[in-house]
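Let's walk through this structure together, one region at a time. Please keep the sequence and the 3D view side by side as you read.

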Amino acid sequence: QLSTCAMEPPPKAWETGCWAGLLCDPYSEGILTAGKSLANCANEFIELVEKAQVKGPTTPQHWWNDGSSSPAQLLPKLCEVLQQTSRLAFFSENKLRDPVGLEELARAWIDCLRKVPPGGYALIPCGWADGLGKDNHCILVVEAPAEVPAASMRVVLVNAGEGTAYHPSSVETHPKTKRKTALPLGDIPFARLTDPAFLATLLMQRKNHENHKVEVTYDVLLPWLLDKPSIVDAVSRANEDEASDWRTPARGKTTTWKSLVEACRYVLRRRGVSKDMLKQFMLQLRRELVARAIQEMEELGTVAPDRRLTSSELMLLSLGSRQLSRGALKAYQAGRLTGEELAAVEKDTVKARLLAEELLASSAGNLPSSVQPQLGDACAPLGAFELLLGTGEDAFRGQRVVPVPPPLANMMDLPQRADVQCLATAIRAMERATSITDVMLARARDTGGGANAASASRIAIQYQVISLLQSLFTEVLPVPLPPTDAVAAAGGCVWTARPVTREAQLNACTSIENLLYRLGEMWQDVEE
């Protein structure tokens, strides 16, 4: 059974993943408060939605309670589903440590799917973590059909982070590129969705390991789930799904929050909530979050005067106020916000900024006095150093090596397509490519600067070698013509035009083989 999460004391509003995802994602790529815990993000979202529901809308429009497709009717059920998502995410974050924990998690996963009521839905967490800095969360939106018993369930993968390159894209809002964050997988048989091998592989992707990458999910697991060689059908289905809108993926490390919100947004869109309603709802959440930050800053100034506000926190508060102002202005221009409401938003943002600056100034006055170190003892790191004089210590110093700068390869020396008119010129072009890449690889073997620097420089040079060889085979060397081609019969093919000697053909084949081998070797090195 899933146990209720034991939550720590709640952080300040600007320290939550909600603040990072709702108010700071467009401006900052790396925010430490973005968080990696999906359970915490789900709980924060539930708390924010419940507070917004209690207060209700602040606009004169009646969109909040307008019919069965209004947020007021759908959000209570969504919060109930998110509580289950939070417990399942907490279970995953704390149990995925050994085979026993994996089995318990798989059973909880299956139990969650079986409890989805007819016509209901569940938000199931998944994703991958390579242990090298890439930690991506996705959400599987699983919908049960109205008929009972159900042999299959409708599954949609929602991802707003790494992996959206597999989703349909649009550049109509250039320079911003938008994606279909929701990828409908279609009706999946329940037996296939709960297959032990599939579940074990999918759930283990959240455990830190260098082989847990986006390709495993999109190139292996999803095609197996669809029983197709690729996810092409799912991509086509996304273009036809009216609830799958064009959205901006996460730009910072906020995929935990962004994927969760995008999944909730997709669920509401499936149940008739319009885009304007959702925009108004998200603006309401931002206002509620800023109002909470104002209240907490006022408490810091009275209840806890010793609490210090750092410059980083001031930056987070500034970015949040800026994003709220920007969203309110867009809503006003679209007619979703009145002038009075726009003035109220401006009042809140100015108040938040002034409170933050006041707390930062008071924090600066509470800093301790500077420490002035004093040297009390004589520094003698090498005692009795004079004993080494005249004792043959030079034999232990090693030979002095003067570093020689490696030669620079001129990639512009590679011949152009117009320079290749016969087999001899084609061979010279390949020989020139070989000599250029020899110089580049010699430099890659002697990059210096420590292990990390050497590795980074080597990989960069190997990518340059790959680019040069690809240009050679696709842009410089012509494609051989079939023997039956009229141009080839007339001597127009570079590779067969006479006079051609056996030795020249052998040299050409050897050069092609060596360069292709080098190209494959480079790809193998960079992928490892």
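Which residue in β3 is the bridge partner of Ile139? It is Val158. Before going on, a word on conventions: this is a predicted model, in which local features need pLDDT of at least 70 and side-chain atom pairs count only at pLDDT 80 or more, while totals for chains, interfaces and linings use all residues. Residues are numbered from 1 along each chain as its sequence is written, and side-chain values use heavy atoms, with hydrogens and water left out. Helices (H or I, at least four residues) and strands (E, at least two) are DSSP runs, numbered from the N terminus.

Now follow β3 across to β6, where seven bridges join the two in the antiparallel sense. Val155, for instance, has Gly186 in β6 as its bridge partner. Six of the eight residues of β6 are buried, so this strand is largely enclosed by the rest of the structure (buried means under 20% relative accessible area, exposed over 50% and partly exposed in between, with a 1.4 Å probe and protein chains only).

Next come two helices. α9 (residues 255–270) packs against α10 (residues 275–302) at an angle of about 140°, and their axes are 10 Å apart. That makes α9 oblique to α10 (angles under 35 degrees count as roughly parallel, over 145 as roughly antiparallel, 65 to 115 as roughly perpendicular and the rest as oblique). Axes here are lines fitted to C-alpha atoms, for helices over the stretch in contact, and angles run from 0 to 180 degrees between N-to-C directions. In the contact (heavy atoms within 4.5 Å), Val261, Arg265, Leu268 and Arg269 of α9 meet Lys275, Leu278 and Met282 of α10.

Finally, two backbone details. Most residues other than glycine have a negative phi, and most peptide bonds are trans. Asp227, in the loop between α7 (214–226) and α8 (232–240), has a positive phi near 60°. Asp227 is also exposed, with a relative accessible area of 57%. The peptide bond from Arg498 to Pro499 is cis, with omega near 5°, and Pro499 lies in the loop between α15 (486–489) and α16 (502–527).

Terms used:
Two strands pair if DSSP finds at least two bridges between them.
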